[in-house]
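Please look over the sequence and the model shown below, and then read the briefing that follows.

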Amino acid sequence: MKRLALALSLVALATLPLWVGNSYYVNIGSQILLYAIFALGLNVLVGYAGLVSLGHAGLFGIAAYAGALAINHGANHFVAIIAALAATIAAAAVFAVLALRGTGLGFVMITVAIGQIVWGVAYRWISITNGDNGVAITTRPRPFGLSLTDAPNFYWATLIVFLLAVTVIAIFSASPFGASLRGTRDQPRRMTALGYHIWLIRFLAFLFSGLWTGVAGMLFLYYNQFISPQAVALGASAEVLLMVISGGTGTLLGPIVGAALVVIMKNVASAYIERWNFVLGAIFVAIVIFMPEGIVPGLARLARWCLAKLRPQVTEVSGAAAPRPESGL
Amino acid sequence: MTRRLTRRTLLRGAAGSALAASLPLPAIAKANPIKIGLLTIKTGPLASAGIQMEQGTVLFLKDRDHTLAGRKAELVVGDTGGNPAGAKTKAQELIERDKVDLILGPLAAFELLAISDYVARQKVPLLGLAAAEDMTQRRPNPYFVRASATSAQPMHPLADYAAKDLKYKTAITVSDDFAFGYEQMGGFQRVFEDAGGRVKSKLWPPLVTPDYTPYLAQIADADAVVAGFAGANPLKFMQQYRAAGLTLPLLGGEGMADDSLLRTFGDESVGLISASPYSAEFDSPANRKFVEGMVRDTGNTPGIAAACLYINGMVVDAALNQTDGNTDDREAFIRALRAVSLTDSPRGAFHFDHFGNVVGNIFIRRCERKGDKLVNTIVKTYPDVSQFWTYDEKWFLSQPVYSRDYPAMRS
Amino acid sequence: MTLWLILAGNSIAFGGLLFLLSAGFSLIFGLMRIPNLTHGSLFMLGAYFGVSLISRGLGFWPAAILAGLGVAAFGALVERLLLRRLPGAELAQVLVTLGLSFMIADVCLLGWGGDPISIATPPELRGASRIAGLAFPTYRLGVIVIAVVFAAALWGLLEKTRLGAMIRAGVDDPAIARVVGIRVSRLFTIVFSLGAGLAGFAGVIGGPILSVYPGLDQDMLPLALVVVILGGSGSLVGSFIGSLIVGFLYNFGQAMFPELAYVVLFLPMLVILVVRPQGLFGRVAP
């Protein structure tokens with residue numbers, strides 16, 4: 001059942017440019033995928049480590065700016081991508097050392113402060129970043145000689161990166177390291193007693209999260225062929241956090257659903273609903289009222305409840321203890 | 001707001017559609033409606049000017065009975081939300097999904113810069129409001145037409161007026177810390193200093209500055225203060241300027257006392273001298289008609305955003321009449337757009353230079369209280385102002401674009 | 001010399017406004033552990049209420065108080081209908097308060113339009129006062145007085161009344177407070193409503209300085225965060241001193257280090273958080 005659903009959604013994703021028709025919708029698909037990678041990266045911290053970052057747009061922006069500057073200084077795309085990811089991971093290490101001084105709200109506030117400082121630098125260091133006018137790049141990479149200029153090719157490239165991200169993060173989450181990371185979230189004292197180095201586990205998780213944030217940042221740069229301080233602002237950090245929370249933290253599917261929700265509301269629904277900002281806010285409020293744990297866990301609960309109603313004889317088996325959210329794809 | 005659920009209104013007069021229905025088939029090119037895309041900002045902090053842009057466009061189409069050069073005109077509005085990525089997505093929506101023939105807007109320079117390359121690749125004419133200098137100077141977009149002004153275009157005559165008519169010798173500038181501010185103040189400085197004046201210091205408060213006191217406290221010993229703020233900042237700045245007891249004359253750019261905002265302003269703006277490509281007080285048949293229409297439909301005096309979008313509409317109309325309603329030959333259409341020369345528009349007579357930037361009136365206005373209303377009275381009109389002012393075009397373009405550090409301060 | 005005196009005086013006045021903005025935020029966070037990300041929106045909503053009341057002929061002061069009461073009532077509703085369902089669920093609280101702030105911003109845009117609106121300075125406080133030969137805006141002196149009066153009143157409320165004792169007990173240890181029979185649920189409604197009301201009132205008081213415009217909410221929320229981080233949450237003294245520190249940092253930082261204008265608040269905030277995560281005056285580590 002689950003495998004069938006997985007196979008069907010893979011086919012649907014892979015053939016999307018063939019059946020949505022218009023290149024505009026293909027581009028929306030690319031945006032959803034790249035934001036889903038961003039949200040999945042943040043979810044490593046928020047969902048698995050229980051550390052809420054409100055400064056991830058800073059990392060996202062560092063990747064995009066580093067990539068753009070490398071390209072505009074004559075680096076080829078391969079070098080630029082490596083440089084951008086290296087810069088992001090280095091920045092993530094600095095972020096982590098500072099932010100892990102605090103836990104809970106302290107952690108949140110430190111990430112806010114760092115994010116705002118990165119934004120301030122992007123905005124004010126005009127000789128490097130061109131200030132609020134931003135930096136444009138003129139080309140997209142050509143992996144294996146394949147042009148990514150048109151919408152379907154760029155979509156397929158993004159899809160490959162997206163599937164790679166989902167696979168790696170799924171393996172990560174199922175690995176012993178993923179389990180110990182969840183341990184630091186739920187039972188930090190016990191983990192310490194068992195001899196785990198909590199700080200190091202969280203630090204490595206931060207780097208892992210930073211890597212995927214950097215990947216998303218580079219995709220954003222290639223998609224828009226443009227980066228400016230707005231992509232680094234506090235609002236951008238809040239937006240990706242909203243994607244993670246609304247979809248469901250600590251699940252693999254949640255951040256993807258959250259990214260789809262926000263991207264579609266902002267870009268597609270805004271063409272039909274003049275007050276789309278209000279509706280988006282109202283959807284968040286409704287999610288909290290009806291499924292406070294997020295859309296994906298909420299729907300899973302609803303589905304189990306319906307199944308239980310339909311097949312009362314298996315109630316004890318399927319309806320009793322809800323499985324941990326991490327187990328759901 | 002008359003439309004709540006959908007902003008995608010098919011704008012066509014009942015008479016027009018009846019006529020179209022009775023046209024004999026097969027359909028000729030003229031039977032297809034011309035699709036006009038509008039990139040604007042209807043949500044968030046920049047919505048004020050963005051909503052005006054839509055009002056100006058809607059009024060223009062209404063005045064023409066939604067028919068341009070014999071073709072019905074449809075408007076498709078995209079709300080960018082005021083950020084570059086949103087502008088890019090909305091530009092793609094208008095071009096790739098809605099297949100518009102041309103785009104009006106966007107408002108902000110950072111939006112324009114984010115979409116310029118893409119729109120040029122797609123060969124879609126773009127009639128922008130954003131003032132970024134290099135779009136019609138050092139990095140020109142061949143599909144761009146600007147009927148409003150570059151950032152510095154009104155500031156050059158303002159500096160001329162300050163030095164020659166007001167006889168000011170020294171000035172301090174204070175402006176939003178972003179490209180629009182740099183370009184405005186750079187333009188003022190160059191002309192003011194070439195006319196013998198001196199800019200003593202340039203202050204750059206961040207775009208988000210709740211309290212201007214740290215900057216106001218540094219203002220002293222000059223003949224005038226030149227302010228270049230945009231959005232909600234002019235009101236905040238002027239309130240705090242007056243409250244701090246500062247009495248130096250205040251000069252400003254087009255954003256400082258927009259006609260559309262004066263109804264919510266208080267006495268803090270009285271006495272402000274500002275330069276703008278538009279004034280609601282300008283007396284011409286086209287402007288009287290435009291102001292009447294806006295007051296009737298929106299209940300408010302129009303400002304530069306509504307006026308320039310209305311003017312953009314007139315430019316499109318004139319170009320379509322030249323191409324006989326044809327937009328399919330994009331090269332011919334953009335040539336026709338840039339060749340437009342109007343003698344009567346809400347901003348008076350104007351034409352375009354070979355970069356597609358406007359050459360036309362710049363009004364020097366003084367904000368005054370008339371009865372219970374504030375108005376910007378025109379005190380001087382500079383006709384046929386080019387983006388290069390009186391400078392040689394080649395020399396102008398060989399200089400760097402105006403920035404935070406250029407022109408350099410004279411010690 | 002004059003410059004520094006003006007900046008010093010203004011630091012106190014701006015700090016006073018920040019105190020009115022952030023005292024409620026600090027109380028709500030300290031007692032209820034809710035990161036109330038609608039706080040900037042409540043400030044803006046109060047300012048818009050004030051605009052409407054004043055345009056209907058009400059005086060500035062009654063308008064400020066009524067706007068504060070209106071926002072307090074709105075806050076009580078938000079607490080009763082939404083936040084009460086989410087005790088301890090910080091992520092859901094973030095989602096719902098951010099969602100509400102989207103909604104409030106859009107409703108304000110619809111209701112009051114996008115144009116910036118000025119709130120006239122009350123006639124009795126117009127112009128500049130001369131203190132020791134320096135001209136200083138009279139209205140800002142008034143803001144200092146209002147902030148001090150409110151600080152004293154809040155201090156009295158917290159230290160001298162039964163309600164205050166219950167709030168303090170709740171801040172220190174909610175579980176114990178419940179055990180000794182304090183109706184924490186009603187307390188939460190009162191505190192949230194009080195905090196919201198203070199923010200709404202501050203919005204009108206800030207009007208003659210800041211004016212009212214879409215985006216005011218996003219401009220003010222980070223300031224409230226910085227104050228509470230520097231001062232520590234749940235502590236009245238902390239938010240008072242935090243406000244003054246932010247006032248001074250802001251005024252002197254912008255004037256002395258214009259190159260650092262964008263990080264003048266967040267860099268000190270980062271340093272303090274890294275060195276002392278509970279804030280300068282925080283009683284409980286967050």
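In this predicted model, A:Ala238, A:Leu242, A:Ile245 and A:Ser246 in helix 12 of chain A meet C:Leu91, C:Val94, C:Leu95 and C:Leu98 in helix 4 of chain C; two residues are in contact if their C-beta atoms, placed from the backbone, lie within 7 Å, and helices are DSSP runs of H or I with at least four residues, numbered from the N terminus. The residues of this contact divide into 7 nonpolar, 1 polar and no charged, where Ala, Val, Leu, Ile, Met, Phe, Trp, Tyr, Cys and Pro count as nonpolar, Asp, Glu, Lys and Arg as charged, and the others, Gly among them, as polar.

**Chain A with chain B**
- The contact between these chains takes 28 residues from chain B and 24 residues from chain A.
- On the side of chain B that touches chain A, helix 3 (84-97) and helix 4 (109-121) of chain B each supply at least two residues, and helix 3 of chain B gives the largest share, 9 residues.
- That side of chain B divides into 9 nonpolar, 7 polar and 12 charged residues.

**Chain A as a whole**
- Chain A holds 16 helices and 2 strands, a strand being a DSSP run of E with at least two residues.
- Among contacts in chain A between residues at least 6 apart in sequence, 73% join residues at least 24 apart.

**Conventions**
- Residues are numbered from 1 along each chain as its sequence is written, while chains are lettered from A and ligands numbered from 1 in the order in which they are written.
- Local features need pLDDT of at least 70 and side-chain atom pairs count only at pLDDT 80 or more, whereas totals for chains, interfaces and linings use all residues.
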